[in-house]
Amino acid sequence: MQAMPAYPGDGAVLPLPAFSDNYIWAIVRGDKAAVVDPGEAGPVLDFLARRGLQLRAILLTHHHGDHVGGVLELLRQGPATVYGPAHEQLPHCDVRLAEGDRVALPELDLDLAVLDVPGHTAGHIAYHGRAAGQSPLLFCGDTLFAGGCGRLFEGTPEQMHASLEKFAALPADTQVCCAHEYTLANLRWATAVEPANRALQQWYQQARQLREQGRPTLPSTLGLERDTNPFLRTRQAAVAAAAASHSGGALATPVAVFAALREWKNNFK
């Protein structure tokens with residue numbers, strides 16, 4: 001099993017808890033900061049004040065309120081450049097982005113490439129690359145979760161499967177900075193899909209220990225997700241067989257396996 005990265009604590013890239021289970025990712029270098037998906041302003045403002053930081057950039061992955069709701073209040077407190085998806089309605093956006101674009105902020109040692117990853121929403125984007133001296137990183141919003149993926153509110157199974165395939169092709173040591181602490185619920189479902197997956201069993205136990213200690217389970221890594229996340233394992237025989245058994249019919253393609261898995265997870269208790 002791929003090892004989990006060290007808990008970031010007060011490091012250069014760290015999760016700020018928001019709402020009941022959101023994470024706003026903060027990127028810090030010197031006295032400058034950027035944040036990813038600030039659904040509410042309070043946790044960001046408290047963090048900036050506590051650390052004596054200036055907010056220089058806000059990166060958005062998609063339009064849902066729990067990812068963009070704090071943007072305007074943050075801008076009222078001081079100037080920051082807002083980056084976001086080109087094709088979604090946002091409360092504010094200075095730089096519209098699509099696949100092939102980059103976000104480069106030398107003062108934060110930040111150099112991120114943009115990926116179009118429709119599925120959860122129609123215009124969802126993700127950022128991958130280097131930030132605050134840490135590389136490689138993936139800020140994936142609600143497209144990929146530890147042990148799971150986002151619901152298909154606006155996209156199709158074909159789109160989401162293709163988006164996840166883009167992630168799966170990134171280096172195994174890429175740190176996966178998801179936007180929600182859904183890990184335990186996702187892994188409980190994943191063990192129903194693949195009960196014989198020892199890497200998954202080990203990861204579930206480790207995640208439970210982290211949460212018992214009040215610590216985030218994130219970031220994950222892409223190597224760990226490829227070993228344990230059913231949505232990235234649609235070509236594995238055991239996963240395909242479990243999805244087919246649960247759906248009650250043959251599944252001819254990885255997209256069909258993905259769609260069956262997504263429906264299974266939607267209704268899993």
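This is a predicted model: local features need pLDDT of at least 70, side-chain atom pairs count only at pLDDT 80 or more; totals for chains, interfaces and linings use all residues.
The term pLDDT denotes the predictor's confidence in each residue, on a scale from 0 to 100. Over residues 1–9, pLDDT stays under 50. For this segment, the model has 31 contacts beyond four places in sequence. The protein as a whole averages a pLDDT of 95, and 96% of the residues score at least 70.

The overall architecture may be considered next. The protein contains 9 helices and 14 strands. Its radius of gyration is 18 Å, close to the 18 Å that the globule rule gives for 269 residues, so the protein is as compact as a globular protein of that length. Taken along the principal axes, the box filled by the C-alpha atoms is roughly 55 × 40 × 30 Å. Of the 269 residues, 55% are buried.

Attention now turns to a group of annotated residues. In an unreviewed UniProt entry, the annotation "binding site" covers Asp66, His67, Asp142 and His180. These residues span 115 residues in sequence, yet no two of their C-alpha atoms are more than 10.6 Å apart, so they gather at one spot. Asp66, Asp142 and His180 are included in the lining of the largest pocket.

Asp66 belongs to helix H2, which comprises residues 65–68. Its relative accessible area is 23%; because buried means under 20% and exposed means over 50%, Asp66 is classed as partly exposed. Not counting residues up to four places away in sequence, Asp66 touches Phe19, Asn22, Asp37, Gly39 and His180.

His180, by comparison, is found in the loop between strand E13 (175–178) and helix H5 (183–193). With a relative accessibility of 3%, His180 counts as buried. When its neighbours within four places in sequence are left aside, the contacts of His180 include the other annotated residues Asp66, His67 and Asp142. His180 is also in contact with Asp21, Asn22, Tyr23, Phe145 and Leu218. Finally, the side chains of His180 and Asp142 are joined by a polar contact of 3.3 Å.

Notes:
Residues are numbered from 1 along each chain as its sequence is written. Side-chain values use heavy atoms; hydrogens and water are left out. UniProt positions are given in the numbering used here, feature names are shortened, and annotations may be inferred rather than shown by experiment. On a 1 Å grid over the protein atoms alone, a cavity is a set of points where a 1.4 Å probe fits but cannot get out, and a pocket is an open set with protein on both sides within 12 Å along at least five of seven lines; lining residues have an atom within 4 Å of a point. Helices (H or I, at least four residues) and strands (E, at least two) are DSSP runs, numbered from the N terminus. Buried means under 20% relative accessible area, exposed over 50%, partly exposed in between (1.4 Å probe, protein chains only). Contact means heavy atoms within 4.5 Å. A polar contact is a pair of N or O atoms within 3.5 Å; within protein, one must be able to donate a hydrogen and the other to accept it, and residues adjacent in sequence count only if both atoms are side-chain atoms. The radius of gyration is taken over C-alpha atoms; the globule rule is 2.2 Å times the number of residues to the power 0.38.
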